[in-house]
Amino acid sequence: MADHLSRLDPDHIGLTLPINEVFPDEHLLAINAASGPWYADIANYLASGSLPRGWPKNQRERLMAEAKYYFWDNPLLFRIGADQIIRRCIPDSEFPSVLSFCHDQACGGHFSGRKTAAKVLQCGFFWPSLHQDAHTYAKHCTRCQSLGSMARRDMMPLQHILAAEIFDIWGIDFMGPFPVSFGYEYILVAVDYVSKWIEAIPT
């Protein structure tokens, strides 16, 4: 490989040149502080213990009360749910991909917003507007809207299930005529509906 001196311009050999400490492809990328994730204030409070400046007292107390359900494991924030399950908090940019995976993809099944939100929680993710976002996503799903919902006329007719104890309900039937045997030509058959017990009496 060519060294640094071989790349010098021949006109400048022997002159002391200032050292250029800038990489040729280096760019300064602007960061918009307002576009941070929804949990930025909670993560900052848990990581540094300092509250945002300029906030009123009730807002600071609300942040401290909310932060007790979260814990920071650099670089991820987790939330302990009411069911004592730990779920990862995800930024706003990942909401659509997680909802798409839990609603559209192979594990989804195009269920309602409530079941889609339950699948997201089951996958171990959390964000505050999860249920509302899942409902909106399912409501605007093209495939779900083209299929429509099942109306009452599309359902099978409902029949009451008869609750019965053993030997309470019997089915009785005559069988025959058969060739006469010991003076009997018919058989009276009684079957219990629950246990399928059979009684056969020749007549």
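Guide: Three strands make an open sheet with antiparallel pairing, in the order 5-6-7. Strand 5 (170-175) and strand 7 (198-202) are the edge strands, each pairing on one side only. From one strand to the next, the twist averages 15 degrees, where axes are lines fitted to C-alpha atoms, for helices over the stretch in contact, and angles run from 0 to 180 degrees between N-to-C directions. This is a predicted model, in which local features need pLDDT of at least 70 and side-chain atom pairs count only at pLDDT 80 or more, while totals for chains, interfaces and linings use all residues. Residues are numbered from 1 along each chain as its sequence is written, and side-chain values use heavy atoms, with hydrogens and water left out.

Visitor: In what sense do strand 5 and strand 6 pair, and over how many bridges?

Guide: Strands of a sheet pair through backbone hydrogen bonds, either parallel or antiparallel. Two strands count as paired if DSSP finds at least two bridges between them; strands (E, at least two residues) and helices (H or I, at least four) are DSSP runs, numbered from the N terminus. Strand 5 and strand 6 (residues 187-192) are antiparallel, with six bridges. Methionine 175 has isoleucine 187 of strand 6 as its bridge partner.

Visitor: What is the order of the four strands in the open sheet with mixed pairing?

Guide: The order of those four strands is 1-2-3-4. The edges are strand 1 (70-73) and strand 4 (125-126), each of which pairs on one side only. Strand 1 meets strand 2 (residues 76-80) in the antiparallel sense over four bridges, and aspartate 73 has leucine 76 of strand 2 as its bridge partner. In the loop between strand 1 and strand 2 lies proline 75; the peptide bond from asparagine 74 to proline 75 is cis, with omega near 10 degrees.

Visitor: Which residues of helix 5 are buried?

Guide: An α-helix has 3.6 residues a turn, so residues three or four places apart point the same way. In helix 5 (residues 130-139), the buried residues are Leu130, Ala134 and Ala138. Because they cover an arc of only 60 degrees around the axis, they lie on the same side of helix 5; the arc is that of the directions from the helix axis to the C-beta atoms. Gln132 and Lys139, on the other side of helix 5, are exposed. Buried means under 20% relative accessible area, exposed over 50%, and partly exposed in between (1.4 Å probe, protein chains only).

Visitor: Which residues line the largest pocket?

Guide: Rolling a probe the size of a water molecule over the atoms shows where empty space is left. On a 1 Å grid over the protein atoms alone, a cavity is a set of points where a 1.4 Å probe fits but cannot get out, whereas a pocket is an open set with protein on both sides within 12 Å along at least five of seven lines; lining residues have an atom within 4 Å of a point. The lining of the largest pocket consists of Trp38, Tyr39, Asp41, Ile42, Trp55, Gln59, Arg62, Leu63, Glu66, Tyr70 and Pro128. Helix 1 (40-48) and helix 2 (57-67) are the elements that give two or more residues to this lining, and helix 2 supplies the largest share, four residues.
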